[in-house]
Amino acid sequence: MTRNKPFIPVYPALSRTYPSDFKVDEQYRANLPDLQNGPASLIVGARKVIQHVGISHFRLPIRYRRRDGGEIMLETSVTGTVSLDADRKGINMSRIMRSFYAHAEKQFSLGVLAAAVSDYKDHLDSFDARLQMRLSYPIQVESLRSGLSGWQYYDIAMELIDQGGQRLKVMHFDYVYSSTCPCSLELSEHARESRSQLATPHSQRSIARISAVMEGEEKLWFEDMVALCRRAVATETQVMVKREDEQAFAELNAANPIFVEDAVRAFAHELELEPRVGDFRVIASHQESLHSHDAVSLLTEGPTFAQVSLDPMTFAGLRA
């Protein structure tokens, strides 16, 4: 009985020294294997459309305009994805990064997103695309009474969604504030009044994540979103604090006690009044000092953010 032996290719003796002087020409590059763009026969698993495939946490500096006319360059984390047809093996993910580098030096934030989406959608032959840029945006804020000032940093993500030939611009904005429990405030005052017992209401650092579709030609500045949040919930956490500021903050909290349900409705009220905002979502987490769990709430307006199922990390991802 004849036994077939596996084919073992025979190579010449291989060099173990890195060829630092080797240069790649077009002919050599054309002969390099390219499995990502290989035939459908190489597809592993079910032949299904993939809604999103791409890269996450690719970092580079991006320029942003300030509302006062200035500009700032900030480290930005990019997530870029495209859809993939059922009969396509894969995508060239480095194209996403190259698209950003091609536009980042000569354009600002949303302009970079728009140009990069157009660029890599064309090159990757995809029907849907999504880009998101995450950054920490500094704004100088004054203390309540002492006249000091410091830098407050706001976690922001700008998202551009290209789907079905339509483009959607979304701002995701995190706002950190203090929430004093109205019930605890009343109970503390009751103890003082009825039993001359000193008591303090409980309050905690809290966070709201606002996602808003940006509409119209007029720009919605980051500074505008800060002002909107402050109008809704005045008790933003402080940067520079002396004794008079600490006292002022205690008074400010007492003047604005708030449950988590109140918070999302207060943000929603301000968002409804803003003509540059369309659909929106507000998620809030009050990270309790009384309980060993958090108080959370979610409110959406419009179909863009409507959801039946919640990601398990929807609230766990909010840490103030």
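Tyr-175 is buried, as is Phe-267, where buried stands for under 20% relative accessible area, exposed for over 50% and partly exposed for what lies in between, with a 1.4 Å probe and protein chains only. The model is predicted, so that local features need pLDDT of at least 70 and side-chain atom pairs count only at pLDDT 80 or more, while totals for chains, interfaces and linings use all residues. Residues are numbered from 1 along each chain as its sequence is written, and side-chain values use heavy atoms, with hydrogens and water left out.

The structure holds eight aromatic pairs, two of which are tabulated here with their ring geometry.

| Pair | Distance of centres | Angle of planes | Class |
|---|---|---|---|
| Phe-22 and Tyr-28 | 5.2 Å | 70° | edge-to-face |
| Tyr-175 and Phe-267 | 5.9 Å | 80° | edge-to-face |

Rings of Phe, Tyr and Trp (its six-membered ring) pair if their centres lie within 6.5 Å, and planes under 30 degrees apart count as stacked, over 60 as edge-to-face and the rest as tilted. Tyr-175 in strand 5 (residues 166-180) and Phe-267 in helix 7 (residues 260-273) are 92 residues apart, and their pair links distant parts of the chain; helices (H or I, at least four residues) and strands (E, at least two) are DSSP runs numbered from the N terminus. Phe-22 is partly exposed at 43% relative accessible area, and Tyr-28 is partly exposed at 41%. One aromatic cluster is formed by Tyr-64, Tyr-137 and Phe-222.

Charges also sit over rings: the charged end of Arg-63 is 4.3 Å from the ring centre of Phe-108, and Lys-219 lies over the face of Trp-221 at 5.0 Å from the ring centre, the criterion being NZ of Lys or CZ of Arg within 6 Å of the ring centre and within 35 degrees of the ring normal.
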